[in-house]
Structure formats: C-alpha cells, structure tokens
Amino acid sequence: MTGAGDEAFIAAVKPLVDAMGGELLPPDEAGPEDVVLSWEGAAAVAVRLPQLADSLDHILAAMERRQGEPLADLDRKAKQEVVRILEARGAFSVRHGVETVASALGVSRFTVYNYLNRDKG
C-alpha cells in the first residue's frame, strides 16, 4: 500500500475493515465511493466498503463463525438473540433482509417477524 511506517496503521484498521466486509487497497486506486484513510498527514490506505446486501451476508457468516455452528442449527432462544442483534445492526433495513435472515436461520419470514415483534412487545 504505502511506506513501512504505515504498516502498523494498516494492521490496526484491517480487523475492522474485515469485520465490515470491506477491502483495503492502495490510496491511488481509490474510487469516488472509497474512503481514503490518512496517517501522519499522508494517505495510507483506501477502504472499499461493501454493498449493503453483501454486508448482511458477511454479518451472517461472522455470526455463524462466532456461534461455531450453522445458524439454522441453533435453538429457538439463540435464533431470537441472533434476530435481536441483527435488528440492532440494521439488517432489516436492507431489501430482502427478512428473507435473507429467515433462510440463514432455517425458519420462515413469519417466524422472523414473530421474533421481531416479541422483542417489541
């Protein structure tokens, strides 16, 4: 990306970029939608953010890794907790978010809506 002095900065931001499903690239390859991060007064690295729909898939995959098993294999209480976390992260503002989550959990859309309404009630 850039000089050796920037390596520590890039290493520090990489876990965050990976968690978002983003991509690190050299600053001179940044497009208009990319975010260029500066360190010590110079452009150090650019971040290409994922599309929202890709972010939801990335979040679901990360949650599955954290759980240590497929989300569809979780018990009802654990699935309800997953839905609560996803709602807090804005997963259901993405087009087809409910359908995507329902598929990952191995439940119907109706069940996901029930889990959402249960938290509000």
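# Values set against their definitions

Visitor: Why does R48 count as partly exposed?
Guide: R48 has a relative accessibility of 34%. Buried means under 20% relative accessible area, exposed means over 50%, and partly exposed lies in between, with a 1.4 Å probe and protein chains only. The 34% of R48 falls in between, so R48 counts as partly exposed. The place of R48 is in strand β3, where strands (E, at least two residues) and helices (H or I, at least four residues) are DSSP runs numbered from the N terminus.

Visitor: On what kind of model do these values rest?
Guide: This is a predicted model, in which local features need pLDDT of at least 70 and side-chain atom pairs count only at pLDDT 80 or more, while totals for chains, interfaces and linings use all residues. Residues are numbered from 1 along each chain as its sequence is written, and side-chain values use heavy atoms, with hydrogens and water left out.

Visitor: What makes the contact of D34 and R48 a salt bridge?
Guide: The two side chains meet at 2.8 Å, N to O. A salt bridge is a side-chain nitrogen of Lys or Arg within 4 Å of a carboxyl oxygen of Asp or Glu, so the pair D34 and R48 at 2.8 Å qualifies. D34 lies in the loop between β1 (23-25) and β2, and R48 in strand β3, so the pair ties together parts that are 14 residues apart in sequence.

Visitor: Is D34 buried or exposed, and why?
Guide: D34 has a relative accessible area of 13%. That value is under 20%, so D34 is buried.

Visitor: How many salt bridges does a search of the whole structure find?
Guide: The search finds 4 salt bridges. One of them joins the side chains of K14 and D18 at 2.7 Å, N to O. Both residues lie in helix α1 (residues 7-20), 4 residues apart, about one turn of the helix. K14 has 38% relative accessibility and counts as partly exposed; D18, with a relative accessible area of 35%, is partly exposed as well.

Visitor: Why does the pair R109 and E99 count as a salt bridge?
Guide: The side chains of R109 and E99 meet at 3.6 Å, N to O. R109 lies in helix α5 (residues 109-120) and E99 in helix α4 (residues 97-105), so the pair ties together parts that are 10 residues apart in sequence. R109 is partly exposed at 45% relative accessibility, and E99 is partly exposed at 33%.

Visitor: What makes β2 and β3 a pair of strands?
Guide: 5 bridges join strand β2 (residues 35-39) to strand β3 (residues 42-48), and the strands run antiparallel. Two strands pair if DSSP finds at least two bridges between them, so the 5 bridges meet that condition. Within the pair, L37 stands opposite V45 in β3. The hairpin has 2 residues between the strands.

Visitor: Which residues make the nonpolar surface patch?
Guide: L16, M20, V35 and L49 make a nonpolar patch of about 330 Å². Patches are made of residues with over 30% relative accessible area and no salt bridge, with like charges joined within 9 Å and nonpolar side chains (Val, Leu, Ile, Met, Phe, Trp, Tyr) within 5 Å. M20, in helix α1, has a relative accessible area of 32%, so M20 passes the limit of over 30%.

Visitor: Which residues gather in a patch of negative charge?
Guide: E64, E69, D73 and D75 gather in this patch on the surface. Asp and Glu count as negative and Lys and Arg as positive, whereas His and the chain ends are not counted. The place of a charge is taken as CG of Asp, CD of Glu, NZ of Lys or CZ of Arg. E69 lies in the loop between α2 (52-67) and α3 (76-88).

Note on methods. Accessible areas come from the Shrake-Rupley method with a 1.4 Å probe; for residues, only the protein chains shown count as cover.
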